[in-house]
Amino acid sequence: MTIHLRSAFVLFVLGASPLAAQGSLSQQGFGYPAGVVSARAMGGGGAFQEFDPRSARNPASIGAWGQPALYMQYEPEFRRVSSAGEADQTRLTRFPLLSGSVPVGSRMALGASASTFLDRSWETLRRGTQQIGPDSVDFVERYHTNGAVNDLRVSVARQLAERFWVGVAGHAFVGGNRVRLTRTFSDSQTFGGLDDTLKLGYVGSAFSAGAIWTPVASISLAASGRLGRQLRVTSNDTILGRADIPNSYSFAIRFDGIPGASFAARAERTLWSSLSTLGSASATAVDAWDYSIGLEATATPGRAAPILYRAGYRDRGLPFLANGQAIKERSVTAGATLPLSGERAGIDLAVWRSVRRGAPSTDESAWVISLGLTVRP
Amino acid sequence: MDKRRLLLLGSFAAAVAAVACRDDLTTGVGCPDLCPGRTVTVRDTIIDAVTLDTGVRGYPPLGTEPYILLASRPGLDTRGVIRFDTLPSKFTRGGVDSAITRADSAHILLVLDRARSRYRAPITLTLFDVDTTASDTDLDAIKALFRADRRIGSATFDSAAVKDTLRVPLDTAPLLDKIKNGKRLRIGLQVTSPNPVVLRVYSRDAGAWIPGIDVQAQVSYDPHPDTAVRPIPVGPESRTPNDSPTLRNDLTDYFVVFQAPEAGAPNDLSVGGLPGERSYLRFNIPSFILDSSTILRATLFLTQKPNRTSTTPDTIVVYPRLVTASENVTDVARSAELITPPGFSFDSLTLSSADSGTRSIEIVNALLRWSFFVEQKAQRAVVLTASLEGALPGEVIFFSTEAPAAVRPRLRVSYSPRTNFAVP
């Protein structure tokens, strides 16, 4: 066979921007950090998560369960992305957190959790024109990805003193994305469409440790940190990228000096930039702060299982740049805990409004509803 | 917790679950700035991918054509045969069966596809008795029976008389002889005219080719002058050969080529003609295209050469059709039968037999199929067939791989190498 390679050339790069992104501000790069924080903690802006045994944050906090417990969370997000006077509404369902713990004796607890570390579930639809051979042809492109990197954690907490808990945890980061790109041309007899599907797998690990100290009855302090190890992204046993799970450290303070009310403030620094080597230059990650303050109060103080109300505010940076710009997410939150069967079960409800900004031409906002169910068998 | 609160909570949870139980992820307003901008690199390659090309003659098989082609023009003479192998010999009058001793108003009705017929009146249809004891497939024996002493009827039609249905009287004496003696009636049809004429009479197989058509020729004769006795209609039927039901059925009606334009040269690729010819082209596509790329377009370039064997150019629709036979089928003629229906996956091409030049045929769906269904080991081949195959005298001729390089079949493939687009 004779081959005449007449021409080999790049004909088309869609759009004015050379950057790759995912149609929204929050779903850049390898995804949106969705999990870890329980509905109960998010009702208070996330400020209570260092003290919250349901949240997969501070391994020292699981000692606060006091008895065997299981927690699961359901969290739909209703997102609106607007750009140049147009808007898209999307709806995304997550189950971002499952956790549980059992006490071992009176001063120790073992816990396990599964949480969403980076959620990469989105789909974009766009139209364009492509030159194939001598002809220019219209196409419709659908780019769909589903899946997440999940954080599986096994933790142990130990009470070293009456008001001092410490905890350590080992993390396995596993999961995958199923990514499908289809490009359909207007004339299917003449042009074959693109239809590629790839499965990405993720494997990584990390360690974390934390402590909770209550120096006086009305004030508690908490700190935790994560030391990341290698994260690999693979496809069909081929390693496509390597990076480190980002290190992070966080501090929180809680004030319980007013009967029936608690206040908390928290700050976290996550070194997301360690993920930048995982993909291409278009998935650049940047280090970010996560600040939150929150209030928890009850209208029925003194009851064994009171109804708790919460409110909070959270301000954090998202890990991946969008069109070269860092994205900030600000959330106003509210929530409540409704006990069921006394202390044996409870439902946590949180609702928050998030606004994500950073890119000059696109705004994003979302309503998120989080429902958590705690069962103490 | 009281029931009212529980009901409220349950209602809220159910409402949230109902509206959010299914993802709706699609967005597009952030594009292109925020959408994945996969770089699509398109490469154009022209390859001499045809490794085998040949013409296969004789399609469709005798008797399976949609039309009985009756033609008479310079260089073209085709005639039809319709078998009526069973003629009723009795009729019923007043509840009593009687033997037929007379056959008045005997005629044959032919249903014409006027839209696809070409004629200028007057035209004459002549009927011949072509029954013979010779072998059913001995067409030379049949041809020999189109002679004056076998003539059993005729009719001449002017322009106004040419309708969708043509009625041609049958001579009574030979018909009555066949009725009385249980003989077969096999009618030969010939059309003549001072002008070039091509009539397409629907065959019994027309319905298999042309949706909505369910017609056939019919012989009729009146066995008694009493108007209460209805004329007897007789439909086509073939009773030989006994050992081949398929052939027996096919030979119910067919046409015989007395003279046709010469086929193209042996080293040409021809499509159409009488008897119908197909072009079979087998491809060898490099694996770096077929296995490791996304194929976006594949255009087969053929160079048409003018067909000068006929003084009357025909317009022919050429259909590329995918060979579905596996690699185990080594007979090219058999492979050229195992193909997809016309118009399936490919656009057709309308050509005049007298024209010349480069013709492009889009066959991307063939390459996609070969790429997707590698395990099926289907032949990587395409067959070119003509519309009205076997009923159209015109023939389109292309240069084959034996021609000079400039006019050989070539394949231009536009493809995109696969990339790891999933990693952001």
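In chain B of this predicted model, B:Pro60 is placed in the loop between β3 (50-59) and β4 (67-73). Helices (H or I, at least four residues) and strands (E, at least two) are DSSP runs, numbered from the N terminus. The bond that joins B:Tyr59 to B:Pro60 is a cis peptide bond, with omega about -10°. A cis peptide bond also runs from B:Thr240 to B:Pro241, where omega is near 0°. B:Pro241 belongs to the loop between β15 (232-234) and α5 (245-250) of chain B.

Residues are numbered from 1 along each chain as its sequence is written, and chains are lettered from A and ligands numbered from 1 in the order in which they are written. Local features in the predicted model need pLDDT of at least 70, and side-chain atom pairs count only at pLDDT 80 or more, while totals for chains, interfaces and linings use all residues.

The secondary structure of chain B consists of eight helices and 25 strands. Of the 424 residues in chain B, 44% are buried. A residue counts as buried if 20 or more other C-beta atoms lie within 10 Å of its own, as exposed if 12 or fewer do, and as partly exposed in between, with C-beta atoms placed from the backbone. Contacts are pairs of residues whose C-beta atoms, placed from the backbone, lie within 7 Å. Among the contacts in chain B with a separation of 6 or more, 80% are between residues 24 or more positions apart.

Helix α8 of chain B spans residues 364-372, and its buried residues are B:Val364, B:Asn365, B:Ala366, B:Leu367 and B:Trp370. The elements of chain B that cover these buried residues include α6, β19 (293-305), β20 (315-322), β22 (357-362) and β23 (381-386). Helix α6 comprises residues 287-290 and contains B:Ser287. B:Ser287 counts as exposed because it has 9 C-beta neighbours inside 10 Å. From B:Ser287 to B:Ser105 the separation is 182 residues in sequence and 70 Å in space, C-alpha to C-alpha.

In chain A, strand β2 (residues 69-83) and strand β3 (residues 86-104) run antiparallel and are joined by 14 bridges. Strands are taken to pair if DSSP finds at least two bridges between them. A:Val81 has A:Asp88 in β3(A) as its bridge partner. The hairpin of β2(A) and β3(A) has two residues between the strands, and A:Ala84 in this hairpin takes a positive phi near 50°. β3(A) also pairs in the antiparallel sense with strand β4 (residues 108-119) of chain A, over eight bridges. Here the bridge partner of A:Val104 is A:Met108 in β4(A). Three residues lie between the strands in the hairpin of β3(A) and β4(A), where A:Gly105 takes a positive phi near 70°. In a regular strand the side chains alternate between the two faces of the sheet.

With 18 other C-beta atoms within 10 Å, B:Ser345 is partly exposed.

Terms used. Two residues are in contact if their C-beta atoms, placed from the backbone, lie within 7 Å.
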